[in-house]
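This report covers selected side-chain contacts, aromatic pairs, helix packing and backbone angles. The sequence and structure come first.

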Amino acid sequence: KLEDPEEFKETLRKVFAVHPEDATRLRLFLTLHATGTLPHHALNDLVHDESEAVRTWAVRVCTEKEYADDVDVQIAFNAKDPSLQVRLAWASLLQKASFDGIGWRVAKQLVEDPAIADDQNLPLMIWFGIKDHVAAEPERALQLLAASKIPVLQNHISRRLAEDRNLAPVFEFIAANPDVETRARMLEGVQSGLAGLPSIEAPDGWGQLFAELAKSDQLRPLADRIDFFLNRDSALQRQRAILGDADADDQAVALALDLIAEARDQESAEAILAVIGDTNRAGIHPQAIEALGAIRKPGIASALVDAYADLTGESQLATINTLVTNPAYARALLSALESGAIPKNAVTAFHARQIQSFKGKEHDELQKRLAEVWGTTKSSSAEKRALIKQFQDQLLPDVLAKADVENGHTKFQQLCMACHTLHGEGGQVGPDLTGANRGEVYYLLENIVDPSATLPQDFQLTIITRKDGSVVSGNLKGENEYAVTMRTPTDEQIINLDDIAKRETLPQSIMPEGLLLTLKPDEVRDLIAFLQK
């Protein structure tokens, strides 16, 4: 029996030093730490211990309060440690370490290990540890990037510096590093960091770097997007010229359409209509049509209605999506439905709801005309329950057994895939269906017939009305002090806060009701059978 506390602590230390079992040694180590019996200087030896668990915990205890103040002198990074678990502990330490001392040194030694790049957690843990220091010390951050074997950091560091409008050192780094993949990752980061920011003056040297990047087929689109942020007027002139160039490839024209739509450039309307009229550009007709939704100009809506019959199915859907972006276009759409120029079944409940969301003096007129030429979208809870029961009675196991699953897949692609992912295929506007309770017919019917009944907050419908009267409906993906990012069934839009007149979030799903009512009984059967697969 040991009555002297100091003798007892010394015995614990001796047992810990010689015990052969890792699990027991770890318990002894944690006991020594918890009782204040572990000398600070011992940590430097323990980070070289034979036990991976002990080495890991030796690093972890450095973040405890009693060690935090003098962690720089109490423990040294073991650069030769092969354990990713130990390195994860070091990466976690970065969030509490002083960057006047150990922080940048440990970060540099971590990122020099190529094995870390493929780890699921380590690259992001390192990023979380350094991100608040990148803007404060950009030169140190770029030195870290130069030594890094972790590609994701190239993107994140570039994005953080761009968000802070500190572009000069990033561009200098890109200019000095000819590797195309490195340049691409950094340019992608800069592009993400600039998105939604007010206009920024291009730093010295960007013009020369842009000219060099523009020579690369892979880097030109990224350089064009960044130049659009830095030199809006000259970039727009260049993109307008591309629209009118018959020899320009579709990729270049698609980028021009994207940038022109973002700028809401009125001068490009005729050139975009010319693209839609060019049968050789059929592959980008949908994008060109949607770009017109960002340009409110007389004559566009009537031109789209006139072209509707000659367009493919995807382009026709894009036309309807565009004609519900603002009240003036919606008025032309309703006239087309009334005259038969566009069939009524081309307009879904989503489109009708978009028209119903318009505010101002046109509201009452549009509601009345919509009801007259198309109908209404409202249905009571009792009606929905009755409809679910009706479909459930029809979709018995013997009926589903006869389903054409391939046809169901086709219907999924037509109706669902723009918003939902199933087995890795599809969009991200709505929830991923892969892990849902798809085997139960009632579950599927309830969520399709009444999509707003059980609605996660992330998927509530947000309606943004711009100051020009146009409306964007979708899910709010992100927001900062300059802009919001909206995800719609067709695209992703960044909207500057200064352009927003009104924003509403409704306890309502972006998914339209009445989807199954547009299908024949066999098509309903096939779709449900595919969703259960």
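## Arg25 and its contacts

Leaving aside residues up to four places away in sequence, Arg25 touches Phe16, His19, Asp49, Ser51 and Val54, where contact means heavy atoms within 4.5 Å. Arg25 belongs to helix 2 (residues 22–34); helices (H or I, at least four residues) and strands (E, at least two) are DSSP runs, numbered from the N terminus. Arg25 counts as buried because its relative accessibility is 9%. Buried means under 20% relative accessible area, exposed over 50%, and partly exposed in between, with a 1.4 Å probe and protein chains only.

## Basis of the model

The model is predicted: local features need pLDDT of at least 70, side-chain atom pairs count only at pLDDT 80 or more, and totals for chains, interfaces and linings use all residues. Residues are numbered from 1 along each chain as its sequence is written, and side-chain values use heavy atoms, with hydrogens and water left out.

## Aromatic pairs

A pair of aromatic rings is described by the distance of the centres and the angle of the planes. Rings of Phe, Tyr and Trp (its six-membered ring) pair if their centres lie within 6.5 Å; planes under 30 degrees apart count as stacked, over 60 as edge-to-face and the rest as tilted. A search of the whole structure gives five aromatic pairs. In one of them, Phe99 and Trp104 have ring centres 5.2 Å apart and planes at 85°, so this pair is edge-to-face. Phe99 is buried at 5% relative accessibility, and Trp104 is buried at 4%.

Phe228 and Phe229 also form an edge-to-face pair, with 6.4 Å from centre to centre and 65° between the planes. Phe228 is buried, with a relative accessible area of 0%, and Phe229 counts as buried at 13%. One aromatic cluster is formed by Phe171, Trp206 and Phe210.

## Charges over rings

A charge sits over a ring if NZ of Lys or CZ of Arg is within 6 Å of the ring centre and within 35 degrees of the ring normal. Phe228, described above as a member of an aromatic pair, has the charged end of Arg232 over its ring, 3.9 Å from the centre. Arg60 lies over the face of Trp57, at 4.9 Å from the ring centre.

## Helix packing

Axes are lines fitted to C-alpha atoms, for helices over the stretch in contact, and angles run from 0 to 180 degrees between N-to-C directions. Helix 7 (residues 84–93) and helix 9 (residues 122–134) have axes that come within 8 Å and cross at roughly 20°. Helix 7 passes helix 9 in a left-handed crossing, meaning that the near helix is turned anticlockwise from the far one by less than a right angle, whereas clockwise is right-handed. Leu84, Arg87, Leu88, Ala91 and Ser92 of helix 7 make the contact with Leu122, Met125 and Ile126 of helix 9.

Helix 11 (residues 151–163) packs on helix 13 (residues 180–194) at an angle of about 35°, with the axes 7 Å apart, and their crossing is right-handed. The residues in contact include Pro151, Gln154 and Asn155 of helix 11, and Thr182, Arg185 and Met186 of helix 13. Helix 25 (residues 381–394) and helix 28 (residues 441–449) pack at about 140°, with their axes 10 Å apart. Helix 25 and helix 28 are therefore oblique to each other, and they cross in a right-handed sense. Here Lys384, Leu387, Ile388, Phe391 and Gln392 in helix 25 meet Tyr442, Leu445, Glu446 and Val449 in helix 28.

Arg165 is not a glycine, yet has a positive phi of about 60°. Arg165 is in the loop between helix 11 and helix 12 (168–176) and is partly exposed at 39% relative accessibility. Arg264, likewise a residue other than glycine, has a positive phi near 50°. The loop that holds Arg264 runs between helix 17 and helix 18 (269–277).

Ala252 is placed in helix 17 (residues 250–263). At 24% relative accessibility, Ala252 is partly exposed. The C-alpha atoms of Ala252 and Lys80 are separated by 48 Å, and the two residues are 172 residues apart along the chain.

How values were computed: Parallel < 35°, antiparallel > 145°, perpendicular 65-115°, else oblique.
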